[in-house]
Amino acid sequence: MYSEKVMDHFNNPRNVGEIEQPSGVGTVGNAKCGDIMRIYLDIDENGVIQDAKFKTFGCGAAVATSSMATELVKGKTVQEALQVTNKAVMEALDGLPPVKVHCSLLAEEAIHAALWDYAEKNHIQIDGLEKPVADIEEKEGAEETTEGY
């Protein structure tokens, strides 16, 4: 069963769309379930995320986690956005069913992929940012401990 917050972000998603000339774009997917998430970031000269938008092809939980992830990173510095984990996304949504935890992983990885793109475009290094994966199945095994969430 989904929480009221998940249903609200699914039925009334925030920040849908794309940003023209984004500072960074991150696209990740999950081959197992077919979800694809793309997050666009607009980052100012001080490293603050002014805007975040998303386009997601997937289930309701994928849409809800995309929506919440963009809400969580707006107004944050690049370094603060890097700290937005799948667990933080799930907590902000009042939880996800265990079979939908991978959607929060998609959100985290899409943020990281957009930050990576931003860093590459600007020839900078973001401390703590690792090269993102295109398919989160590569990381899912390490995240099994969050499934009881």
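Modeller: Leaving aside its neighbours within four places in sequence, Ser3 is in contact with Leu93, Asp94 and Gly95, where contact means heavy atoms within 4.5 Å. This is a predicted model, in which local features need pLDDT of at least 70 and side-chain atom pairs count only at pLDDT 80 or more, while totals for chains, interfaces and linings use all residues. Residues are numbered from 1 along each chain as its sequence is written, and side-chain values use heavy atoms, with hydrogens and water left out.

Is Ser3 buried or exposed? Ser3 has a relative accessible area of 15%, so it counts as buried (under 20%; exposed is over 50% and partly exposed lies in between, with a 1.4 Å probe and protein chains only). Ser3 sits in the segment before α1, which covers residues 4-11.

Now follow the chain onward. Its elements run α-β-β-β-α-α-α-α-α from the N terminus, where helices (H or I, at least four residues) and strands (E, at least two) are DSSP runs, numbered from the N terminus.

Let's see how the strands pair, which takes at least two DSSP bridges between them. Strand β1 (residues 24-29) runs antiparallel to β2 (residues 36-43), and 6 bridges join them. One place to look is Gly29, whose bridge partner in β2 is Ile36. The two strands form a hairpin with 6 residues between them, and in that turn Gly34 has a positive phi of about 90°.

Strand β2 also runs antiparallel to β3 (residues 49-57), joined by 8 bridges. Here Met37 stands opposite Thr56 in β3. In this second hairpin, 5 residues lie between the strands, and Gly47 takes a positive phi near 80°.

Finally, step back to the whole chain. Buried residues make up 49% of its 149 residues. Among contacts between residues at least 6 apart in sequence, 63% join residues at least 24 apart. The C-alpha trace spans about 40 × 30 × 25 Å along its principal axes. There are 13 positive and 26 negative side chains, and the centres of the two sets lie 3 Å apart. For that count, Lys and Arg are positive and Asp and Glu negative, with His and the chain ends not counted; each charge is placed at NZ of Lys, CZ of Arg, CG of Asp or CD of Glu.
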